[in-house]
Structures are given as C-alpha cells and as structure tokens.
Amino acid sequence: MAEFKESGNEFFKAHKWAEAIEEYTKGLAPDSEVPADTRGLLLSNRSQCRLSLQEWELAFADADACLKLLPEHTKSLFRRATAHEKLGRVNEALMDYAQVAKAEPGNLPAIQAAARLREEVMKRRQKKTDEILPSTLLEALRSKEGSPEVIEKQVDACSKLRGLVIHRGMAGAVVSAGALDVLLQRVGDSEAPADVRQAVLQTLVALASGQEAQGDDDDGGFRPPPWADGPIAVTPVTEQVRKRLHGLLLVETLRRASRGRAASVRHLGILLGYTHELEDVEALEALHDALSFVEGGEVDVQKAGLMGFTCMCDRRRRLGGKGTVVMPTLVVFKILESALSSSSNGDLLGCLMAAIWVLFADTDRSEAQKIDIAELGQRILEPFLASNDVGHQANGLNGMAALLACSTKAAARMLQLSQVPFTAIMQSIQRPTPGPEGKAAQGYAVDCFFLATGDVATRQAIIGCGGIEILITALSDGQEGSSGQMHAKLMAVLSILAAHNKDVREEIFERIDFMVQLRYALDSARESANAARSADKEAKKDRKGAPTMLEARRLLRALYESCACLTIHGEFKEVLFGSKKTLKAIQDLPSAQDLAEDPQLAFFYASIVYNLCRSTEDKTRPKKDQFPYSEMNDDDLNAIEEFYEKMPQEGRPVKNGEIDAGSKELAAKLRAWCVLESGKKAASHGAAAAPGAASSLVGHLGKCAANGSVRVKNLAAFVMKFLCQEKEHRPHIVASGGVRTLLGLVDLEEDTARDAARQALAQICIVTNPSMMNYSEQLDSVRPLLQLFEHRHELLQFEGAMALTNLLGANDELRSRAVQGGGWGSCKDLLFSDNEQVQRAGVEAMCNLCLAPEVLELFAEGKGELEIKIFISFSASEDMQMALASSGALAMLASCDPVAEQIVKHEKVEVLFDTLAAAEHPGVQHRVVAVLGHLFACEECPEELKTKIKGALQAKEKKGLQSPEAASIVKELLQSA
C-alpha cells in the first residue's frame, strides 16, 4: 500500500486534490493490511484534501477517524477543528484548536484561531443573555401590584432597560421584546405609582433620543443642536419609536398625571421634543407647563422645557422646504414668552431663538401665510428689551442677536421701527449692570452690534449716536469675556466702522492703537476657535466657558469681513505692512479645517489675500453679465452682493473706475511677505526664509480653492499669478503644495482666471527641477502647459513651451504623455510664429520630445521629412539658442539608426556641411559633428555621402574646432575610416 501513499502525496503536493483522494482511498481499502499509524496518516491527508475541496463533513469524518488511531496527531486535530468551524460547531472547534495550541505552543495559526473563537463564543453567550434580559425586565414591569418591593423592582427594571439602550446600544433588542407596548401601557395607567411613571418616562426618553451607546446623560442625550442643514440621521429603530410614540402617547393624560412632579414634567418635556411636532397643541402646552414650572428644587424643569421646544424647532428647521410652514400661534407665543422670562441658559435660548427665527423667516409661504419678521420680532422681544430686569433684558438681547444672525435685513428694519432695541443695545454696552447677568447682557449687545454692522443704515446710526465713543470706552474697560471674546467682537465692530469712510477711520485710529488692538482681537478669536474645537473633539457636556464652533466661526467671519473691507485701501495696507505681527495674526486666524469647512470664511480669506497682493493697476469688479456673475446661482450672487453692500461706499468696486489699492511697490512687498514670511513664527520675523521653505498662506489658499465656490477659485487663481511673478517665490510655492492648487484651477470657466492659473503653473515649471514635484503633479501639468501653446498671447505661448521643455527632461512617461496629448504637433505649430523667441521655445520643446519612443517611431517610418528640414535649416540660424536647440534635436534623432537612415536620404542633408563650416560656437560644432558621425556610421549611408562627410570633417578640423568633444569625434571617425 506504500505506493498509493506515495502517489497520493505527489498529487497532494501538486494540489490535485481529487486525484490524491482517489490514491489515498485505494490505500485505505478494507481488504488491505495497512498498519494503524500508516492508515491514520492516509486518513489525515485525505481529510486535508477534502478541506481544500470544501467537503466539510467528509473532512471531519476522516480527521476524526485518524484521531481514533493516532489520538496525539496535532495536524488531524487542527483539520478536525477547521471542519468543526466550517460546519458552525464553534465550541467543538475551540476545544480542538486549544488542544493543538497546548501541544504545540509555537503553532501560531492554532493560537490565533483559538483566541478568535474564544471571543466569538463569549459574544454568542453574551448575546443570548442580552436577548433574554429585556424580556425578563419587561415582565417585571407588567405587574400592577403596588407594594414597595414591586415598585422598587420596577424602577430598577427601567434603570436597567435604559442601561441596555444607552450603554450597550441595544435599543433594537429592547423594542423587539415588546418594550413600547409595556411602557406605554404602564405610563398611561392612571393607577401606576408616580415613581414608576417617572422611571418609564425616562426610559422612553432614552429610546426616543437615538443616543445609543453613550455615557450617563441626565438630559436624555440632548445637546444644543449644531447649526447644520439636513435631518439628523437616526436608526430605523429610533424612527419607529418616535412615530409610535407620536401616535400613541396620551399627552393630556400624562400632563395631568405629572402635574406637580418635577422629574416627570421634566422627562415628559424632553420626550415630546423628540416625538411631537409644532402643530401638536397638547404637546406644546406640556412644554409650556415645563417652562412655567417654578418649584423644581434640584430638578431644572424649565431647562427641560427649553430643550424639548428647541429640539422640536430644530428638527423642523432641518427639513428645509420639505417641512410644513410654521405660524406664530398663540401657544407658540406663550412658550417663547415663558422661555425669555425664565431661561438662565443663554446658549440653549440662543439656539431656540435662532431656530424659531429661521422657521418664521421661511419665504416659501402663500400670501395668507406671509409674516412681517420685523414686526413679529418687535412684538416678541421689545417687552424684554425694555425691561428693568437685567435677566429679562439679557434674554431679549440674546433673541435680538439670534434674529440678526438669521435675517439681518429684518432685524435692521426692527431697529428702525422702534428706539427700544437700539437703546437697550447701547445702554448694555455703555453701562452694564454689575454681576453675571449684566455681563451676559453686554455680551449679547456686542453680538447685536457686530451682526448689525453689515447694514449700512445701522452702521450710520451707530456712528451718528456716539457709538464709536461707547465701543472704545467698553474696549478700554477691559470687561472682556472668556478668552477675550468680548474684546474681539468689539474690535470686529470697530473694524467694520473704520472701513465705513476715511473720517471714521481716522477718528478710530487716533483714539486707539488700532493695529495692537486688532492683533489682540485676532489672537483671542483664534484661541476661542481652538477652545471650541477642543470641546467638540472631546464631546464635552460641560464646555467650561468654551464657545460652540458656530459662535467661534461667526467671530472669525466678522473679523475677516472687516479685514476684507479694510485691506481694499492702500493706506491701510501701508500701515498693516508696518505692523507685521498684526499681519501675521490675520494670516494665522483660521485653521486649515476652518477654511475647508466654512465657505464664507474661505471667501473672506481669499479676498484678503487678493486685496493684499493687488495694486491700483489691477482690474476690480467685473460686470454682472460677465463671468463669474453670469455663471453664479442665486445664492452665490446674493452672498457676494451682501458682501459688497457691507463695504463702505468709497471701497466698493465700480464698473468703470478704480480705487486706491496701493502702489505696485507696496503690492510687491506684501506678495513677498505672503510667500517668504507668512509661515514664520512671530519671533523669527526679519530672518531670511530658508530655500524652498513652505508658505502657510499658500497652503491655506489651497484649502480655500479646493473647497470654495467659483468666486473663491477665481480669486485664488489671481493670487497665485501675483505670487509666482517673482522667480525667488516659486520654490516656496512648490513646497507649499502650490502646484496641486494650480492644477485644480487650470480649467476654470472664466478666461482671465484660467489663464492666470496656467501662466503661474508655467512660471513654476520653467525654473523648478521636476523632481521637486511629485509624479502625479508632473503628469497632470502636461495638459495645461500644452493648452498655453494655443493661446493668442505670445508670452503665454513662450512660457508654456519653456515650462514644458524643462518638465520633459524628467522621464519617458512625461514625454509620452505630451506626444499623446498632441504635443509634437503643437510644438511644430510654434515654429511658424513670427516671434523668434516663441520659435526657439518650440524647437527646444521638440528637442526634448525627440527622446519619446513615439516620436522616434514617427521619424523611422519616414513621416518626419518636414521636421528634419526645419531642424537642418534652424541649425544654421544666427540665433545661437535656436541653432543649439535645432542641432541638438538632430543629434538625438540621428543617434537612432532607423532615423539616421531617413536623414541620410533627405534632400537637405548636405546643408549640414555648410552649417559645420560656418559654425563658430563650440556647442553647435559638437552637435553638428555628432549628427555627421551618426550618419557616417549608418549602414544605409551611401559611399558618396560618406566621402563628403569625411571631406567636411577634415576641412573643419584643418580650420580648427573650438569644441574638444567635436575634435575627439572627428579624430576617431577619420582614424577608423
């Protein structure tokens, strides 16, 4: 039987499993007298073959039979374990893997398999326990017995159910076990003990919140909603829970049952925020109950009502046009009045007021549904703005700031309808009431000012009523909030006012050290944004004074908006350039993440850099029927028009005029700073930039261009053109990712912006070693450079050709890419230009393309007669660069034997003799002699031509060669001939 084993093993090694099985089976024939150990090995090997064929049951049977003969055979143990696992018998597989690992401690596959299956077994056991647990807990809740022991048990069951939902993410299992039916029945039972009803309500909040697998949260997973559009994604289970509770929850019954019990009112308020809508009057009345609750002790019932209504409003806001129009009903007025009267949570109240203003300001309404937001705002807010209660006034100012953030025009009209809001704002800034409520009122008042200054009439009103004096006094009082936010906001307002006109600017600059104060404001705003980002990243419930990211970025935008207005003026840029620390603070204000995520911030950043880099000689604003305006959608047009409206009259771009953006010399200095100094730390100003050091400004501009709107991309293209004009800037731009930024701009729709990006790319490629660019950048640069060849301006043709020439020296892939993109024909077209520099650039590019296999093939097939004629002719050009490029191209072509065969046949080949005779430049001599040497060595070269080549070389040698390389070639050729 040994022969069957041996033949089976040969098939086994060749992975011929079926054949191996057949041989092993022959060896295991019942009538064969095979020793037990050999029989065991045959069974084990056959088991492995069957595993390879995925015959799990048969593989298991063979391995098991082997182990009966050879109990310690670890290979068979491992094979049986594998078969067990494939058949779903995890526990048995684990036992076998563990036995192998114990017998062979170095058997890594067995150790890993045992560890993997051990974890799976534990998960399965836990899953079974978890599946049973909800049913057990719910069974405890079904009891209606009112004994203290049963009540305690039911409250504990609710606590454990919440734990399963919140900590273990098991809402699906809890709902599948019938939890909603049990909980609804229990909470609606008029005889249910109050403690049980409270615990059930809290459990329903956990299920409806959708905040699974979270930590302990007494607010039911609620957070002030981030200001974003689109519904918050929830699981199907959460959506099912909310729908069922909306239809089945007996709100009025629960209101009556919860009355007077703070915890129950609180949980009901939070729950309704998740489950009900703004049209559900009973739910709104329940929320009003919570907001009006005054005896909650340690339970903040009013906050719960505020949270519930805020959540309800924010869910509707996120639906956008898909949601039902919200009307200011009597019960909504009652809730808003209670919220403004009772709330001590400014952040939450601000979120609520922002959401409700957005809903009221929805323009997609029928004629009968239209609302005058200004009059509505006056009706809701004026009683609180006029109040002598500082807390009420602070809440009114908070609501006013929210209205300004949502609809500046409506809020501005409200300011015109009554003196009350304006007076409240001015007084709160000028004479804040001592204490935290007074400080909060002052903060909201400053928020109102810096949100309102975008309106020209409001700005004029601030200036006209002594607002500058009030703001400067508040600034000097040093009553800033956490991280200097108040100071930053005051400076944002003063900066916008300073841009209003020259007189105002001069007054502000005389009263304060504007640059120092602006720098401090910028630094404070940046610290505020960092604190918000850190709090968001760590998902802190208690932010400890840190603003939200929404608030932080609003402050960044306000400061950048003012800087964008100010940097239009050359006189301001002169002062700014003299205050490098402030200039650096402007550059450092946003993070790359801020610019990538906030389109408005990206627009202001790009506008500031554009303003810094331009002079009075640069064009200003295009007409509305020109690109980019002709291609913008309504939102883009509105956004940019709003920005221009905020600019002072003297600073607005006009159709047929210019503003004083500063001199060319100032622009040049600021461009140099942008590239060479923007990435330095403040302490290192004045030191020379390291060669090729990265510019943080260029990196930030790349973020803006990658994520911004069309207008941002256009601005970025112009800025890159400005920055690339100086040769010394270009290595720094490359090191800062500038090439990739430009490659994202070379296909813009607007002609001048697209040309600016392509020209800047060409200027970089002219002077940059291609190895400084990554491979994809090299390849992607070929197409836009070739497109410059077709431009109507000869300068761009020339720069495109020079850039491509330098780039093509890198590798064959680039040359092939250029040829495949029509580069050879485009270069040839340049040879017919009237401009000699363009001709020369075309020849030099062709010279590098001659190395491409596709070009050599074209010449070898006899399709390059015209090009050969051109190269021969230009080799004799008086333009030495042209002669060098043309003779160099011929030398490279002639080095290829099939191409040399075509040249020797060309009618103009003998012109090279005259070219050599007249050549005085060593480089031309070397190249022409190299061509003739290649032709002489060509097998197809006629003897007559060889004789003439020898004669021409001898004559030139006799006359004297200036090139040692040429002399060496001539000497070697004549000696060998």
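These legends walk through several views of a predicted model.

Residue numbers start from 1 in each chain, following the sequence as written. Because the model is predicted, local features need pLDDT of at least 70 and side-chain atom pairs count only at pLDDT 80 or more, whereas totals for chains, interfaces and linings use all residues, and side-chain values rest on heavy atoms, without hydrogens or water.

**View 1. Phe422 and Phe449 form a tilted pair.** Their ring centres lie 6.0 Å apart with the planes at 55 degrees, so the pair is called tilted. Rings of Phe, Tyr and Trp (its six-membered ring) pair if their centres lie within 6.5 Å; planes under 30 degrees apart are stacked, over 60 edge-to-face, and the rest tilted. Phe422 belongs to helix H22 (residues 420–430) and Phe449 to helix H23 (residues 436–452), 27 residues apart. Phe422 is buried at 10% relative accessible area, and Phe449 is buried at 1%. By the pairing rule, the count comes to twelve aromatic pairs.

**View 2. Two charged side chains sit over rings.** Lys580 lies over the face of Phe577, 4.4 Å from the ring centre. Arg711 takes such a place over Phe603, at 4.5 Å from the ring centre. The rule asks for NZ of Lys or CZ of Arg within 6 Å of the ring centre and within 35 degrees of the ring normal.

**View 3. Helices H37 and H40 pack together.** H37 (residues 710–724) and H40 (residues 751–767) meet at an angle of about 35 degrees, with axes 8 Å apart; axes are lines fitted to C-alpha atoms over the stretch in contact, and angles run from 0 to 180 degrees between N-to-C directions. Among the residues that meet are Ala717 and Phe718 in H37 and Ala756 and Ala760 in H40.

**View 4. Val909 sits in a loop.** This loop runs between helix H49 (897–904) and helix H50 (911–918). Val909 counts as buried, at 5% relative accessibility. Val909 touches Ile872, Ile903, Val904, Leu935 and Leu945, leaving aside residues up to four places away in sequence; contact means heavy atoms within 4.5 Å.

Terms used. Helix = DSSP H or I, 4+ residues; strand = E, 2+ residues; numbered from the N terminus. Buried < 20%, exposed > 50% of the residue type's maximum accessible area, 1.4 Å probe, protein only.
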